[in-house]
Amino acid sequence: MKRNELSLHEALFGNYDKNKIVAYSKNSSFTHKDFTDSIKALGLWLFQDDTVKNIAICIENAHSFSIAIIAAMYARKTPVLLGNITAHTFDDIKDKADLVISDLNIERIAVPAFDFSELQKKAEEFYREQKSLKSESEIDSLFSSLDEKSPIIFYTSGTTGKSKRVNKSLKSMQIDITCSYELSDSLESIDNLKLISTVPPYHMYGLTYRIFMPILRHIPMTTYMIRFPEELENYKGTVILITSPAFVKRLDTHIKAPDIRLCLSAGSPMPDDAALAFYSWADCPVTEIYGSTESNSMAHRDNRGDKPLFIPFSAVKFVKTDDGYKLDSLMSDGYDRIDDNLEFEGPYFRITGRKDKIVKIEENRVSLTQIENLLKDNPLIKDAVALVITRNRRSCIGAVCVLNNESIAQNINNQTAAAFDRKSVVNALKEYLKGYLPAVAIPRYFRIVETIPVNHMGKRITPLLEELFHDKA
């Protein structure tokens, strides 16, 4: 088997150095043997319970998460990744999973839940008992192969409302990892290379690049998630950084940059100024991954703040249709929809907006993307989001805006600010939009904020934006 066709099973149980380090915590390290022994113990424990089919894995520790998801697949169970962990994540868990394994503080949910550390101790005790009763070959038969058709269920993060179920296969995930060789084939020859991350593992991007990529490519990963940019100063060796636009935008470029050889980002577009600042700081471009939960990875670009075009991965083709492009990909598990408008220059492309941001207002088609772009083109506005607001069973457009002048924004948000200040800004924006939009598309309601609310991946959280319009003003 070629190196870039390596399967997860081969990476785990092939002829490799069992003393090689798989993961680092802040105080210890874990060898390949530690890793596979833990997978065997938990896999055997999960396999003996026929009542459990779907297992929700809500673990931030990368090493523990890896053990849990891989053990579940060997045990013929289906891992369920919930995308985002919030106060309401487990409200409908009974419809999604039969069991929850977590390292978070979870109480009073409708299905059995285990703390990972406690469950692993039970599993290791059970494994020792079984080894005394059965031959090694009987136990190892469970781990003799891993079906590439093994399903993995994802739930989107719910940033646009209710989370959506997406069914994927292990095979599509493994193809996704082979694509990463197109980005970093030379990195494995670097001594003492580590993978560090600012994102959790329980969504498509995290699972692909924080978990499966280092396992299949035998690159040691840190177990913990970096939460603050200042923590990057602590890394003295050579690293791969798995991150997001939200983290890069907060980066303090006055701190000393570690030796970053590859920086991956996904989830939302990277602002040009943030990409330029990162490149100037780390002497490494931000490699943006264009993809989705449904499609896996589709394309990439090395962003130095210079608006580069996206390059499709070799396993991906974009097929021209009457209304844009559809996806032809070995990773998509049959999904072929492209939600973005793409503009090609030869084999490469740029993203010009979202297809699905066309809405109907009073029987008129309205582009939310157009409204947002017009607002952001106005010198008063730094950032803007347009969304549909429903009041008294009638729909209209609302706009959430961040002003360019921070002092104006602070005055408007100050309770003592004169109403004239806010009204004058809103009136100026409405008058400006009249030159470009029909009356039905001009936002009826405006909200001025200091920042647009986003999650850890930099994706805008529509329910929080909608809450800004719950008053009647």
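Predicted model: local features only at pLDDT ≥ 70, side-chain atom pairs only at ≥ 80, totals over all residues.
User: At what angle do helix α3 and helix α8 pack, and how far apart are their axes?

Analyst: A packing angle between 65 and 115 degrees counts as roughly perpendicular. Here α3 (residues 62-74) and α8 (residues 204-217) pack at about 80°, and their axes are 11 Å apart. That makes α3 roughly perpendicular to α8.

User: Which residues of α3 and α8 meet?

Analyst: From α3 come A62, F65, S66, I69, I70 and M73, and they meet L207, R210, I211, F212 and I215 of α8. By class, the contact of α3 with α8 has nine nonpolar residues, one polar and one charged.

User: Which residues touch the most other members of the largest nonpolar core?

Analyst: In soluble globular proteins, nonpolar side chains tend to be buried together. In this model the largest nonpolar core has 86 residues, and L8, L46, L207 and F212 touch the most other members. Helix α3 supplies the largest share of this core, ten residues. Another core, of 25 residues, lies apart from it and includes V359, L429, L437 and F446.

User: What is L207 in contact with, leaving aside its neighbours within four places in sequence?

Analyst: The contacts of L207 on that basis are F65, I69, L81, I152, F154, M173, P201 and F212. Two of these, F65 and I69, were named above on the α3 side of the helix contact.

User: How do β22 and β23 run, and how many bridges join them?

Analyst: β22 and β23 (residues 394-403) run antiparallel and are joined by ten bridges. In that pairing, I381 stands opposite L403 of β23.

User: Is H300 buried or exposed?

Analyst: The cut-off for buried is under 20% relative accessible area. H300 has 9% relative accessibility, so it counts as buried. H300 lies in strand β14 (residues 296-303). Not counting residues up to four places away in sequence, H300 touches L183, T287, E288, I289, L309, F310, I311 and F313.

Key
Residues numbered from 1 in each chain as written. Heavy atoms only, no water. Axes fitted to C-alpha atoms, helices over the stretch in contact; angles between N-to-C directions. Helix = DSSP H or I, 4+ residues; strand = E, 2+ residues; numbered from the N terminus. Parallel < 35°, antiparallel > 145°, perpendicular 65-115°, else oblique. Contact = heavy atoms within 4.5 Å. Nonpolar A, V, L, I, M, F, W, Y, C, P; charged D, E, K, R; others polar. Pairing = 2+ DSSP bridges. Buried < 20%, exposed > 50% of the residue type's maximum accessible area, 1.4 Å probe, protein only. Core = buried A, V, L, I, M, F, W, Y, C linked by side-chain atoms within 4.5 Å.
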